[in-house]
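Trainee: I would like to go through this chain a few residues at a time. Please keep the terms plain.

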Amino acid sequence: METQLDPMKDDLPLMANTSYMLVKHYVLDLDVDFTSQVIEGIIVLFFETGSQYRKTSSTSKEDCQSQFGGTCKIRSSESCHIAMTNVNVCSCIMECNNFAFCGKGEEDTSDKNGNHSNEEQVSGTSGSKDCCDIENHGNKDFLLVLDCCDLSVLKVEEVDVTAVSGIEKFARSAKLTGVSKELENLRNWIVHELVTLPADRCKEQLYYFTCCSQAPGCGELLFTTDTWSLEIRKSGVQTPADFPHAIRIWYKTKPEGRSVTWTTDQSGRPCVYTTGSPINNRALFPCQEPPIALSTWQASVRTAADFIVLTSGENSAEPVQLQEGILSWYYYVTMPMPASTFTIAVGCWQEVKQQSLTTALQKNIEFSLPSSQTDFRYDEEICGHVEYPCRFQNPAARLQAVIPYRVFAPWCLTECCEEHLLQLIPQCLSAAYSTLGTHPFTRLDVLIVPSNFSSLGMASPHIIFLSQSVLPGGSHLCGTRLCHEIAHAWFGLAIGARDWTEEWISEGFATFLEDIFWARAQQQLSHNEVKEMQELKALLRWRRLRDEVQNSEEELQVLRPKKESTGEVSESGASIVKHGLKAEKAFMQVHYLKGYFLLRSLARTIGEASFFASLWKFVHKFHGQLVLSQDFLCMLLDDIPEQKESGLTVESVFQSWLDTAGIPKPLLEEGETWKECRLVQQVSGEVTKWIQANQKIRKSGKKKRKQDEVVFQKLLPDQLILLLESLLEEKTLCPRILQCLEKTYQLREQDAEVRHRWCELVIKHKYVPGYGDIEKFLREDQAMGVYLYGELMVNEDAKQQQLARKCFAAAQEHMDTSSAKVVAEMLF
């Protein structure tokens, strides 16, 4: 399957055979080297036998204990009370970190892509695919398949977990049979016991994961790599149950790897961060990418002392000095999450410290829960997810409106963050809490990422990336985007899509909720003001959806492209993400917008109070789980049974909203209704003034006749966007009007959404004094600039095309891969 795919055009393959082996925990031990632009180190994976192949093995308790030969001494029970802040202290820096055995000075066994393989070297066999024929075991070895791309895998070995002092207590209940396999089965039993420890022993569990990850190896495993996967086998092992359940992999990333971006920050200092690219984290570490592979992780990351390491972790890591100039940072997560949500950012970030105003704001924030939510009886609710230390069952967490947070940025942006961002975070967190209740995560870091970041924001467990584009121009864009990313804590992270093609479950909900959160964060707004602002926003999104539907492939407009096959996987657990590798899809917003309008329509149909009560219930029922569209729709309609009689069914929603391209029928006429909104009418009046002023100037020709002074009203940011979009529909606007327009609204000082529309006007009317604004936008707002390159080329104006190529040449080296590919196709 994977070898036939064009790696930049087709569906993304999820190769891991999760039905046979399922990763439950990762331990990463990494070094970040900015000189070579490589992350290298070790990852240890702890498995459970998958759902398609479970095997119970047994032997006597005496045989189990005898495998330790009396050399293991039982560790004091105090080990389970070790403070997790000290776990990294017990982490010995293993000799393997020096990679002395990996071929430095030895014969290079890497293939043409830099991938290593010991398949031929050790066994004399080729990496032929027929050895992964899991259905016909016969004489064939079981093949473990992991998702892997753009990595140099150096060595794979089985870990001897029985060598860990104190680990024998996890083997006491083992009942093993046979003689030759007793030790192998014992190791797997210990891993099983370790990964299934109850939630109240999570600290003990993390401690033993650390110790096991440092245990000696007990034999190299055969492996080979190809474009999308790492395949591992143990000679003579024919079933998943007998395959090693703890393996250690030595590997290196590649500078060109698509999961990480090496660049410089806005202060010119080197940094690296994960990009959330279509291939997710498989170019950061070998992993299982299918959503079903929910796992926990812990990571020790070492780098030079000048750098700060931020990672998806529920602890605020404090660095430990290992040697002069080298610090180690340790993070861990106890809530099972898809490996794709793991995030890392290493750079010379500065923490933006709390000022007195912000602290006072955080302490004095008031919030209220709707009566239907305050009556919710948590004690009667039983979580449906696998066991982990769940905040929804923690009385203190349930009352925490604002979780602890930190803000990091390059030093040159810290002042801007103090002014615009810090004061918004507690307001937005509290607004989210008042809407959905308990925060799923214990804390939050917010990082302003480099200018080449390809979107306005990205949410991962415990950390949010924000583009620098959200900072200028007041609080509106910054606040709405922050609310959008905070919403992902519930939808996208705590509740994930079981099939990644259903992106609307994440992005549609986040887009819908950003309006709700932002309205509640602005406590001074009246009900009518909130309604008017949301109707204005709906009109803008409707216009955007209309334009996108007209200018994109129909197959990319469908929110459930696999339709009735959504959620289905092959017997091994492998699957594909439909259109996952189409570069242009990364810049589309159909799944944001159609998802938003679907939820807005449902809320209006069944009533907002009932809708939000159901949403609250959905979050509490499905947090920590993976869902399909019908899970939400069925619960919603079961709560409001009378809606079924009116024709609103799961099937009708699929047909009208999720399974077809284009604008859903219920939306076709609705765009007209928003034009009656007061804020929209106000803009219409201003547009008329500008058109009339333009006509007068054109009629007067070159004569500088004194014009009657026109008084223009002050407009909100979203009103400015609508104004500029409306003026874009005019065939010609004279330079004097454009000059006056910029001066009247101080367009160069507005937020990025407004400035983008201004740049479009400049391009359309070839307004040369505004070309500097375009150049600045393409340099500093790369998250939004891709479309402008196309506009510069379409006009077939030599100066504009020269400007486009000049800007691309300056930005190309550090530009996001997908963005660079799309722009290059426009320019050349």
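Predicted model: local features only at pLDDT ≥ 70, side-chain atom pairs only at ≥ 80, totals over all residues.

Mentor: Residues are numbered from 1 along each chain as its sequence is written, and side-chain values use heavy atoms, with hydrogens and water left out.

Trainee: Is F34 buried or exposed?

Mentor: F34 sits in the loop between β2 (21–33) and β3 (38–49), strands being DSSP runs of E with at least two residues, numbered from the N terminus. Buried means under 20% relative accessible area, exposed over 50%, and partly exposed in between (1.4 Å probe, protein chains only). Because its relative accessibility is 17%, F34 counts as buried.

Trainee: How far apart are the C-alpha atoms of F34 and T303?

Mentor: Not counting residues up to four places away in sequence, F34 touches T303 and F307, among others, where contact means heavy atoms within 4.5 Å. F34 and T303 are 269 residues apart along the chain, yet their C-alpha atoms are separated by 8.7 Å.

Trainee: Which side chain of opposite charge is nearest to E289?

Mentor: E289 lies in the loop between β11 (270–274) and β12 (294–304). Its side chain reaches the backbone nitrogen of N281 at 3.0 Å. E289 is buried and has no salt bridge, a term that requires a side-chain nitrogen of Lys or Arg within 4 Å of a carboxyl oxygen of Asp or Glu. The nearest side chain of opposite charge is 4.3 Å away and belongs to R282.

Key:
Helix = DSSP H or I, 4+ residues; strand = E, 2+ residues; numbered from the N terminus. Lys, Arg positive; Asp, Glu negative; His and termini not counted. Polar contact = N/O pair within 3.5 Å; in protein donor to acceptor, adjacent residues only side chain to side chain.
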